[in-house]
Structure formats: C-alpha cells, structure tokens
Amino acid sequence: METLDGISTGRIDRLFAGIEAFVDPAFDGWTRTVFSPSYRAERSWMTEEFILAGLEGVRVDDFGNIVGILPGRYSDAKPIVIGSHTDTVERGGRFDGIVGVLGALEVAQRIKESGSVLNRPLMVIDFFGEEANPFGLTCLGSRALAGSLTVTDLERVSPEGKRLGDAMQSFGLDPSRAVSGKHPAQGSWHAYLELHIEQSSTLDQTGCNIGVVSAIAGIKRLVGRYMGQYDHAGGARMKTRKDALLAAASSALALHEFACGSPEYAVATTTHIDSLQLAQNVVPGRSELRAELRSTDSAWFGAIEKDLALRLSMRAAEFGCELDVEWFLDNEITHTDATLQETIAAASTSLGLTWTAVPSGATHDSVHMTGIAPMGMIFIPSIDGRSHCPEEFTPKKRHTQRHCGTRKKRPSGR
Ligand code: HGY
Ligand code: MN
Ligand code: MN
Ligand code: MN
C-alpha cells in the first residue's frame with residue numbers, strides 16, 4: 001500500500017481511480033461536463049462514496065449539491081464546511097475541483113478513524129455545476145446555495161435553445177427549489193474551506209508545498225460585435241475592405257497588449273472570435289469577439305471598461321468597422337478571510353510544509369460562500385501551472401524546498 005509521510009494513500013488512490021471511470025469517451029483528457037450522462041453517473045457513484053465514508057444525512061440539497069455531515073459534539077453548532085466540485089471543462093484535467101471533494105472525504109474519514117469528535121458538525125459538499133456551461137452561468141450549485149440564482153437565470157437559453165430550468169429539471173433537480181429563497185442565512189456556517197489545485201505556476205516555480213490563497217480574481221466579460229462589409233474575396237480591393245474579422249483580431253491583440261502591460265498577474269485576458277461567416281470566398285462582414293478579463297489587483301481592475309471600449313473602437317475604426325461593446329459579467333475581486341489565511345499558514349508550518357501567499361486567477365465555488373461564512377482556500381501545486389487540459393497534474397510527493405520558506409510576513413489579502 002502506498003504511503004506518504006507514513007500515511008496510507010490507498011483510499012484516496014481508489015477514489016481517484018474510481019472517479020476517472022466517469023468521463024465522456026468522445027474526448028481525450030477528462031470530460032465530465034454539467035448535465036452530461038457521465039456527470040449524472042459520477043454523482044450517483046459520489047453519493048455512494050459519501051455514504052461509504054460514513055457521512056450522515058447524505059443527500060442532494062435543493063441547489064443540486066451533494067452534501068453529507070460528520071456529526072460533532074454540539075449538533076446545533078455552526079458547521080465547518082469543506083468541499084469543491086467534480087464537474088470538468090471539456091478535455092479537462094483530473095484534479096480541478098476533484099481533489100477538493102476527494103480530499104474532503106479523506107479528511108472526514110481521518111477524523112472518524114482518529115476517534116476524536118469535533119465540537120461542531122463537519123459538512124462535506126460536492127457543488128453542482130461549477131464550470132462554464134452553455135447557459136453562460138458558472139457555479140450553479142454554490143450560487144444557488146448562496147441565494148444568488150434567480151428565476152430570470154432559469155430562463156437563460158443555451159445555443160441549442162434549451163432553458164436552464166428545463167436542463168436542471170431533466171437532470172433530476174427541481175429548479176423552483178433552487179430559487180426558492182430558502183438557503184443558509186448569512187453567517188450561518190463557522191467557516192468554509194476549499195482545497196484546490198493552483199492552476200497557475202507560483203507553487204511549481206517557488207517549490208512551495210502549499211498556497212495560502214489571498215484573493216480570488218474578479219472577472220469581467222464582454223462581447224464585441226463588429227460590423228464591416230461583406231465583399232467578394234477576390235474582387236474587393238485590400239485598401240477598401242471593411243473586414244470585421246481582422247478588426248476583431250486586432251482588438252484581441254489590443255486586449256493582449258493591455259494585459260501584458262499590467263503588473264505581474266494583475267490582469268489576464270482571454271479572447272475568442274467567431275467570424276459568423278462560413279464561405280471562404282466572402283470577406284467577413286460580421287464578427288463577434290468574446291473576451292474575459294481577470295484580476296486580483298483592484299487598482300488596475302476598477303474602471304477599465306471605458307478605457308478598453310475606446311481601445312477596441314479605435315482598432316475597429318482602423319478596419320473601417322463599427323463596433324458595439326456589451327459588458328455582461330462583472331464579478332468582484334474576493335478576498336479570503338485573514339484568520340483562515342493565518343490558520344492555513346500555521347498548520348502548514350506545523351506539518352513541515354512550506355507555504356506562500358498566492359492570488360487565484362481562477363474563480364471557485366468559494367467566491368459564493370463569503371456571505372455564509374469566513375472563507376479560506378488551500379492550493380496545491382500544478383505542474384507547469386497547467387490546468388483545464390489533460391496535462392493538468394499535481395505531484396503526490398513533495399516539492400524540493402527551493403525558494404520559499406515559512407515567510408514571517410502574514411499573507412496579505414491585497
Ligand atoms: O473559470 C474558472 O476559473 C474555474 O475554473 N471555473
Ligand atoms: Mn475549472
Ligand atoms: Mn475548479
Ligand atoms: Mn471551484
């Protein structure tokens with residue numbers, strides 16, 4: 001039986017091997033997207049594993065999340081809640097979210113085996129549908145649990161024309177309960193803690209074992225609609241064309257230059273372009289650019305909309321195109337709880353693990369937990385910082401303690 005620091009890893013190895021069976025074989029890597037048959041099958045398996053782990057009251061809550069409780073000495077004490085998600089992006093990895101749920105099951109079982117009883121209940125949670133989906137709304141289960149999923153959200157329609165509410169219904173959930181307004185009150189949990197892979201390269205580069213997450217990136221999303229002129233690919237003179245795809249491509253570069261000009265990690269931009277024009281022999285007269293910007297640096301991220309809209313319209317004008325910019329998401333930067341940061345840092349040191357404060361460019365279910373409880377996140381390394389791809393990997397063995405130590409300074413939230 002494999003061990004790590006003298007502790008058997010057999011059980012968690014079995015869980016990792018078990019969950020890997022529930023993927024969509026049509027894709028390489030690990031694909032288990034929300035509403036998919038592989039996700040539905042995995043959640044039945046996961047529910048069984050919650051029961052096998054000795055959790056009580058195992059059920060799917062009103063919001064689609066799988067929950068289970070390890071009772072504490074005082075059943076009415078505010079619970080400590082730990083968990084993450086097990087859905088993936090298409091062609092995703094095997095650690096994003098998953099390590100947080102399997103790790104939480106392992107924590108509960110270790111506590112039970114140790115014979116100690118916590119003063120308060122420990123709730124383990126596998127959040128429903130954290131990843132991006134065709135309805136354009138992530139973190140479905142944690143958002144609903146926090147009371148932020150709305151009746152209007154249920155009317156969101158996928159490109160195939162399906163309503164979110166109907167998709168939830170056919171997945172076996174009752175969407176009306178997810179928006180009923182009956183959800184945990186503000187401050188009703190003692191703490192929420194999420195173990196997650198870093199999905200970037202700070203830990204991999206510094207050689208630190210643990211990331212004490214200081215802040216979680218805010219996200220702004222925009223769609224730019226470029227109106228140029230359809231023309232003949234052979235006849236239209238280059239200097240008189242109004243090529244909407246080139247205008248969008250030039251705008252994508254402008255966003256890239258904006259992000260690369262920001263202080264390290266301040267802003268990350270990711271852009272997708274759809275030329276809306278299939279025929280090869282027609283100059284694209286219309287195009288759509290979808291971009292997202294993420295940052296944990298409030299100084300940079302505050303009011304970028306006006307500046308960026310101007311930059312994009314200048315690029316559009318260079319190609320003789322009109323542009324309509326619509327901002328459709330504005331998630332705030334979320335800071336983690338300072339006391340939990342200290343607790344994670346102290347626990348790491350007491351276990352002989354090195355740690356460093358790390359901002360999260362990825363967003364997480366934990367962002368939606370901050371109203372219900374003080375929130376903390378623990379990162380473990382991602383080799384080469386890779387994630388949302390089959391190459392996503394976290395080593396079982398510890399890093400060499402390269403550049404980092406147990407820094408005295410408190411991990412700052414800002
Ligand atoms: O988009 C994210 O950052 C997360 O992985 N869903
Ligand atoms: Mn993810
Ligand atoms: Mn995740
Ligand atoms: Mn998450």
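The shell around ligand 1 consists, by class, of one nonpolar, two polar and three charged residues. In this classification Ala, Val, Leu, Ile, Met, Phe, Trp, Tyr, Cys and Pro count as nonpolar, Asp, Glu, Lys and Arg as charged, and the others, Gly among them, as polar. The structure is a predicted model, in which local features need pLDDT of at least 70 and side-chain atom pairs count only at pLDDT 80 or more, while totals for chains, interfaces and linings use all residues. Residues are numbered from 1 along each chain as its sequence is written, chains are lettered from A and ligands numbered from 1 in the order in which they are written, and side-chain values use heavy atoms, with hydrogens and water left out.

The residues around ligand 1 are Glu130, Glu131, Arg294, Ala362, Thr363 and His388, each having a heavy atom within 4 Å of the ligand. Polar contacts (pairs of N or O atoms within 3.5 Å; within protein, one must be able to donate a hydrogen and the other to accept it, and residues adjacent in sequence count only if both atoms are side-chain atoms) were computed for this site. A polar side-chain atom of Arg294 lies 2.6 Å from a ligand 1 oxygen atom. For Thr363, a backbone N or O atom is 2.8 Å from an oxygen atom of ligand 1, and for His388 a polar side-chain atom is 3.0 Å from an oxygen atom of ligand 1. Taken alone, ligand 1 exposes 220 Å², of which the protein buries 93% (Shrake-Rupley method, 1.4 Å probe; for residues, only the protein chains shown count as cover).

Glu131 counts as buried because its relative accessibility is 7%, whereas His388, at 40%, is partly exposed. Buried means under 20% relative accessible area, exposed over 50%, and partly exposed in between (1.4 Å probe, protein chains only).
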